[in-house]
Amino acid sequence: MEGKSIFRSKTFWVNTLAIVISMAGVFGLELNLEAEEQTAIVTTIMGIVNIFLRLTTKEPIKAIASAE
């Protein structure tokens, strides 16, 4: 099975967004939350979303470089 490009993966983009949100908090985005609360919220949401995406995945990501 060939697979799809990593850039077509919803999981890749959701996790990229989570990193951006987390880094925004580190660099001063004020959400009126304590750092621990913001981390807990992002982590919990990402865990749920990743489980959902894993269960609905139909096509694997193709290897960027294959060892042939």
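Alanine 63 is exposed, because its relative accessible area of 57% is over the 50% cut-off. This residue belongs to the segment after α2. Along the chain, alanine 63 and isoleucine 6 are 57 residues apart, yet their C-alpha atoms are 8.8 Å apart in space. Please keep in mind that this is a predicted model.

Now for the overall picture. The protein has two helices and zero strands. Its chain has 68 residues, and 12% of them count as buried.

How do the two helices lie against each other? Helix α1 covers residues 10-26 and helix α2 covers residues 35-56; their axes come within 10 Å and cross at roughly 180°. An angle over 145 degrees counts as roughly antiparallel, so α1 is roughly antiparallel to α2.

Which residues form the contact between them? From α1 come Lys10, Thr11, Val14, Asn15, Ala18, Ile21, Ser22 and Gly25, and they meet Gln38, Val42, Met46, Val49, Asn50 and Leu53 of α2. Sorted by class, this contact of α1 with α2 holds seven nonpolar residues, six polar ones and one charged one.

Asparagine 50 sits in helix α2, and it touches Thr11 and Asn15 once its neighbours within four places in sequence are set aside. With a relative accessible area of 24%, asparagine 50 is partly exposed, because that value falls between the 20% and 50% cut-offs. Phenylalanine 52 is also part of helix α2. Its relative accessible area is 53%, so phenylalanine 52 counts as exposed.

Here are the pairs described by C-alpha separation, side by side.

| Pair | Apart in sequence | C-alpha to C-alpha |
|---|---|---|
| Alanine 63 and isoleucine 6 | 57 residues | 8.8 Å |
| Asparagine 50 and lysine 10 | 40 residues | 9.5 Å |
| Phenylalanine 52 and threonine 11 | 41 residues | 9.6 Å |

Finally, let us turn to lysine 4, which is placed in the segment before α1. Is lysine 4 buried or exposed? Lysine 4 is buried, yet it has no salt bridge. What is the nearest side chain of opposite charge, and how many Å away does it lie? That side chain is glutamate 59, at 5.1 Å. A salt bridge calls for a side-chain nitrogen within 4 Å of a carboxyl oxygen. Apart from its neighbours within four places in sequence, lysine 4 is in contact with Ser9, Glu59, Pro60, Ile61 and Lys62.

How values were computed
Residues are numbered from 1 along each chain as its sequence is written. This is a predicted model: local features need pLDDT of at least 70, side-chain atom pairs count only at pLDDT 80 or more; totals for chains, interfaces and linings use all residues. Side-chain values use heavy atoms; hydrogens and water are left out. Axes are lines fitted to C-alpha atoms, for helices over the stretch in contact, and angles run from 0 to 180 degrees between N-to-C directions. Helices (H or I, at least four residues) and strands (E, at least two) are DSSP runs, numbered from the N terminus. Angles under 35 degrees count as roughly parallel, over 145 as roughly antiparallel, 65 to 115 as roughly perpendicular and the rest as oblique. Contact means heavy atoms within 4.5 Å. Ala, Val, Leu, Ile, Met, Phe, Trp, Tyr, Cys and Pro count as nonpolar, Asp, Glu, Lys and Arg as charged, and the others, Gly among them, as polar. Buried means under 20% relative accessible area, exposed over 50%, partly exposed in between (1.4 Å probe, protein chains only). Lys and Arg count as positive and Asp and Glu as negative; His and the chain ends are not counted.
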